[in-house]
Amino acid sequence: MARIFAAELVILRATPYDRPMVADAAFSLFKNEVLHRKPSSRLLFALVTACVMVVSFSAHGQGEGQGQQAPGPAFAPGTGTRTDVKPYYFAIPAPRGQILDRKGRPLAQNSVVRHVQLTVPAAQRETLEKYTAWLEQTLTRVQEDLPAARLPDAEMLKRHYEDRRELPVTVSDALTGEVTIDAEKHPHANVRTEYVRHYPQGEMAAHLLGYVSAEGSPPAGPILRGEPLWQRTRGASGLEAAFNTQLTGADGTLCVMLSDAGTVAYEQVFAAPQAGRDVVTTLNLDTQRVAESALTQSGKRGAIVIVDAYTGDIRAMASNPRFDPNAFARGISSNDFAELTQNIDGPLFDRAVQGSYPPGSVFKPIVVLAGLRAATVDAFREFDCGPTLMIDGREFDNWSKDDRGWFNARSAIIRSCNTYFYQSAMMTRDMPILYMAHEFGFGQSPVLPLKASAGSLPKRAPSNHDLANLSIGQGVTEASPLQVAMAMATVANGACRPRPRLVMQTQSQTGQVADVASPCREALMPVSATDLETVRHAMFGVVNHVNGTGKAARLKKVAVFGKTGTAQWILRGAKANVVWFAGYVDTQPPLAFAVTIEGNANQSGLSGGGTAAPVIAKVLRDIEAKPAAHAVKYEPGSVIEETDPLTTPSTPEFFYGAPPVPPPPQRGGGFFSRLFR
């Protein structure tokens, strides 16, 4: 009977920001437990290949960060006088660290799979034919108890025979359930246990987490000292790739002395594998789940971003369509991978971070703030909101043919009147608008561990036509949903533009914290409190005025501020619409958001208020109903619904001083003239 050695490593994980979070990982090697054999079974080679780090996580457990490792012998065993025993040294691949949400709940971890193996006795290894015949005969008996067992293809078996015939032959795919082998009935069969990457939330946050792929080729050819027991993995995209170094642990070392009879004469774990560091994200699993559900239910391509307006923490970020990273962890087939890459809807493309779209009317608050700061268009300056406006010989449309009358800044934002913004931009000109847009983060790539789009912001608007397009977020101006969400966070906090934060820190299995990313600001807000309230009051009316374009996002107990948008862009060579709804909800802390939905070529019926706002409304209603789950608070109240006529000048109580006397209408002249139909 071979000697039995046991090594046990218990890992207690640290708690980020003193939250109760403990992940226990047990590394154990036991003759009976790992092989799932009867007590009378002999210790076979599968015992050593079953050195597994099984990671279990409990968000409510408690523990102390410490590690225990059974010391290995200080010598390398030799064969002595035995000629029927040969030593082998293997690397035990280290388990990857977990990726966790802000409360310590796992988004990526490790799970256990098992492979059935057969060890061919030395007497049956003389020729390939004899080797194969013995396997076929033995496999037939094994299949009576394990139907999943199967012989590998002839070419793979031939390669194994040429250089690795002493090692067991894998005769099954990865099995996720318990596998029990009767050692007396099947003395040459064993179970090899290994760990694989697992994403317990399935497709959720797939674009952020990324996926893993095999590192190098599987062990093949002559048996090398220190080769891995199974193929290692590495991060291929997303956070898995960005933090691959931290997530990758240190391999262990295993010595096996294998006899000609196909049994283990001696085995010892010299060094247990050390798991990689955990990556703690800013995501809130509850918020992420609701956002993904709302976006998926829309049945359209698009993205949602929700951020803490004070810290810049990304609470949720979703892109649709999605993919399942578990398919990559299991080893995706070439056909399945081709289906993903050739899908015209781009399920692998992260629209929330890498997408670049014309912002449309969600850009209009920037134009108002620019005019206020430059003192070219004050809050009460009115322009005639007609259905069209002729600018330098070209007719520019309003989105609505029904809006008529004199609108000020608040009314124009509530009704999203294009013709107001054409005229306002002509008064302010391009440089103040472009400066304000830059300060709000447009044209700059967000600082993230992921590849992020910088969008597009022109240096100048050389013509009045370009200036008109700029004023309504069209032309060459583009932004990602993340950039728009951060701009709304700037409006919400009223002080600065925070830097988006996706990862809080990494932590070792003993509680050592590193890679700490503290909240920070990227720019101070270049507007006064009075100007800011002008825009905030208008964005409140977008959602809470009876004539607002974003009424679908209105809540009864907590105020929502927003801006709708519809823009035109080119999709696969044809004109299409992209619609927006962006803003923030007045919780503590405020949560800023942006949702964008892509339309198909020549598709009609899409709008920011009718298509995008209902998507985020599902998320906002869940936040209103369960604020604690989303880590926010608010004082329940009754949100007023505004009913004032938008074409009548009004003086909200938060404005300082009396409104200026509106200037007399200026009919014609200058560089543009009005044309009404």
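This is a predicted model: local features need pLDDT of at least 70, side-chain atom pairs count only at pLDDT 80 or more; totals for chains, interfaces and linings use all residues.

Trainee: Which residues touch the most other members of the largest nonpolar core?

Mentor: I306, Y420, F440, F442, F581, I616 and L620, out of 134 residues in that core.

Trainee: And which helix gives the most to this core?

Mentor: Helix α17, residues 481-493, with nine residues.

Trainee: How many residues are in the second core?

Mentor: There are 19 in that separate core, L135, L139, A149 and I181 among them.

Trainee: Back to Y420. What is Y420 in contact with, leaving aside neighbours within four places in sequence?

Mentor: Y420 contacts V377, R381, F383, F407, N408, A409 and A412.

Trainee: OK, voids. How many cavities of 30 Å³ or more are there?

Mentor: The count is three. The largest cavity has a volume of about 60 Å³.

Trainee: What lines the largest cavity?

Mentor: Its lining is made up of V362, P365, I366, F440, F442, V484, A487, M488 and V491. F440 and F442 also came up among the core residues that touch the most other members.

Trainee: Which elements give two or more residues to that lining?

Mentor: Those are α12, residues 364-374, and α17.

Trainee: What about the lining by class, polar or nonpolar?

Mentor: Nine nonpolar residues, with no polar and no charged ones.

Notes:
Residues are numbered from 1 along each chain as its sequence is written. Side-chain values use heavy atoms; hydrogens and water are left out. A nonpolar core is a set of buried Ala, Val, Leu, Ile, Met, Phe, Trp, Tyr and Cys residues joined through side-chain atoms within 4.5 Å. Buried means under 20% relative accessible area, exposed over 50%, partly exposed in between (1.4 Å probe, protein chains only). Helices (H or I, at least four residues) and strands (E, at least two) are DSSP runs, numbered from the N terminus. Contact means heavy atoms within 4.5 Å. On a 1 Å grid over the protein atoms alone, a cavity is a set of points where a 1.4 Å probe fits but cannot get out, and a pocket is an open set with protein on both sides within 12 Å along at least five of seven lines; lining residues have an atom within 4 Å of a point. Grid points are joined across faces, edges and corners, and a volume is the space filled by probe spheres set on the points. Ala, Val, Leu, Ile, Met, Phe, Trp, Tyr, Cys and Pro count as nonpolar, Asp, Glu, Lys and Arg as charged, and the others, Gly among them, as polar.
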